[in-house]
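Hello,

Here is the structure I said I would pass on. Please have a look, and read my notes below it.

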2 protein chains.
Amino acid sequence: MKMLINVPETVVADALRGMASAHPELTVDVENRVIVRRDAPVAGQVALVSGGGSGHEPLHGGFVGPGMLAAACPGEVFTSPVPDQMVRAAAAVDSGAGVLFIVKNYTGDVLNFDMAAELAEDEGIQVAKVLVNDDVAVTDSLYTAGRRGTGATLFVEKIAGAAAQEGRPLEQVESLARRVNEKSRSFGFALSAVTTPAKGTPTFDLPPGELELGIGIHGEPGRERRPMMTSGEIAEAAVDAVLTDLAPRNPVLVLVNGMGATPLLELYGFNAEVQRILRGRGVAVARTLVGNYVTSLDMAGASVTLCEIDEDLLALWDAPVSTPGLRWGM
Amino acid sequence: MKMLINVPETVVADALRGMASAHPELTVDVENRVIVRRDAPVAGQVALVSGGGSGHEPLHGGFVGPGMLAAACPGEVFTSPVPDQMVRAAAAVDSGAGVLFIVKNYTGDVLNFDMAAELAEDEGIQVAKVLVNDDVAVTDSLYTAGRRGTGATLFVEKIAGAAAQEGRPLEQVESLARRVNEKSRSFGFALSAVTTPAKGTPTFDLPPGELELGIGIHGEPGRERRPMMTSGEIAEAAVDAVLTDLAPRNPVLVLVNGMGATPLLELYGFNAEVQRILRGRGVAVARTLVGNYVTSLDMAGASVTLCEIDEDLLALWDAPVSTPGLRWGM
């Protein structure tokens, strides 16, 4: 596979240098791999810190900014960042109001954020943690005990980030983040495999004419291989999988998320099918976001995430946000 | 090639239905294929109308909104929209201050916008036109006499859109748009071919281990095939090609634009190389934008666009914009 890189070893550092040039509103510490809101710490604000393996951009570094994350720690491609990055990020952004770690449920991330929380508390930083585990496709997977964390991470980071921006205290921001995760479910699928720079060839084999339903964001196996389906059939499978696990009585946020290589034209067409099926199931849609947000490098495919909301969550969703990857109202 | 579609015949209509669901701030006429700012016509404002073949999303429909386009007309994939769409769009958005057609230099688009301008003027709408032809790679190409219009379209639509939003008169908005085009140059490359829904197989053959320098946004042939190069080497070739034709004495806007399937991680890494080379050539960078903006469906690759600016153009670039694809400051 051809890639737009120099050598695999410098992919993450190169990307961080490129982010630094493009986003003077962020402080990018290339050596220590920490991306921070330039105005951090912000007095009176809880600071959200997230991170995970690289290769899911704009998640997480592209979600740093007012109204969302205070800092992000990128690991190597598909590899957890180390505790030292997280402690450094926490120390850089803590205003005294405390830090919330947002952790996708992958074993490495969970262990490292746990360790980082202990180390940060030793330094006198108050730390809370919330685990994101929204993917209904499988329990226990290649890198995960329990459910994987995927698209809902965006909802958690945006909504908790808005609460932090409003000056809500740590316990409230933490409990909101937890609520968003509990009310969110995702289901993804792949039309092609993903290729990491280090490996250079697809990480799994997906024959022509087949798709994989229930794929993870690192190409972890899903539920089943099927002969290729139409956009409408895939939307039905994905929405059904989500609604089997979440029976929303209130309106939902919808994220139709591209895995990376699927054209926006197709994602919008897929969204039309998702909306049609939700209407048929009697699910009211409050807001819809379509695009590449929680990606898997060059994988073709998409995921559907629903989050059941109330008025408070909707107001926080609509609140201004200003990050490279998500921006409105400011 | 697997695609996330129903059938090739409904790809554009499906995408428009999906856009309508996701963007209540736009009026999407699926049947007539016109996307309009919901608040149009806006009294006292010149209205920008653009359009072209689908498959380049977010261009143009994703650039409709306050501070950018008033309306967009999507054609079939890689096929010009028809004059009827353009006239309908012009009629929907004209406040009496006039309409500016922004036309990428492809033969079909030029002919159809010319015809539409005549028809609209027959209806009493004052129309000006500006041609975008920024691609230095080749003169005369598969669909073009002269240079192709590519990445600079974003600069023209954003900067002229800000001028329109400020209430500047048609002659000024038109002359600004023309100036932005004259001061902009682009160069693109492909690491993989593009596949259209109608064809279902790659539209050209790009062997493993080779890239195509100077590619167009429809996979039109470029300048040369070369054995695969590093990100730094490609950046050097692209920047050199642009600077051979544009010798900026003032700071530039930089667009590092993904063709669709190249991961954002790689685009940021590529941007680091572009910035390094610009520094080495003594070119000052005022602003940088990195992402998928003027795409070519599932093609892997990217392009570099530079636009030499002055203070007025920079202020218009920085002015608030609120569209699905580009949004800041509002």
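A rotation of 180 degrees, with 0.0 Å of shift along its axis, superposes chain A on chain B, at an RMSD of 0.0 Å. That is the relation of a two-fold axis. Both copies use the same surface: 100% of the contact residues of chain A recur in chain B. Ala261(A) is the residue of chain A that comes closest to the rotation axis, with its C-alpha at 2.1 Å. Keep in mind that this is a predicted model.

Now chain A as a whole. Chain A has 8 helices and 14 strands. Its C-alpha trace spans about 55 × 50 × 35 Å along the principal axes. A compact globule of 330 residues would have a radius of gyration near 20 Å, and the 19 Å of chain A agrees with that. Of the 330 residues in chain A, 64% are buried. Among contacts in chain A with a separation of 6 or more, 73% come from residues 24 or more positions apart.

Surface and charge next. The accessible surface of chain A is about 10900 Å², and carbon and sulfur atoms hold 51% of that. Chain A carries 26 positive and 41 negative charges, whose mean positions are 5 Å apart.

One residue in chain B, to finish. Ile102(B) sits in strand S5, residues 99–104. Ile102(B) counts as buried because its relative accessibility is 0%. Beyond its neighbours within four places in sequence, Ile102(B) is in contact with residues including Leu48(B), Leu69(B), Phe113(B), Val130(B) and Val156(B). Ser21(B) is 81 residues from Ile102(B) along the chain, and their C-alpha atoms are separated by 26 Å.

Best wishes

Note on methods:
Residues are numbered from 1 along each chain as its sequence is written. Chains are lettered from A and ligands numbered from 1 in the order in which they are written. This is a predicted model: local features need pLDDT of at least 70, side-chain atom pairs count only at pLDDT 80 or more; totals for chains, interfaces and linings use all residues. Side-chain values use heavy atoms; hydrogens and water are left out. Helices (H or I, at least four residues) and strands (E, at least two) are DSSP runs, numbered from the N terminus. Buried means under 20% relative accessible area, exposed over 50%, partly exposed in between (1.4 Å probe, protein chains only). Contact means heavy atoms within 4.5 Å. Copies are superposed by least squares on the C-alpha atoms of residues with pLDDT of at least 70 in both. The radius of gyration is taken over C-alpha atoms; the globule rule is 2.2 Å times the number of residues to the power 0.38. Accessible areas come from the Shrake-Rupley method with a 1.4 Å probe; for residues, only the protein chains shown count as cover. Lys and Arg count as positive and Asp and Glu as negative; His and the chain ends are not counted. The place of a charge is taken as NZ of Lys, CZ of Arg, CG of Asp or CD of Glu.
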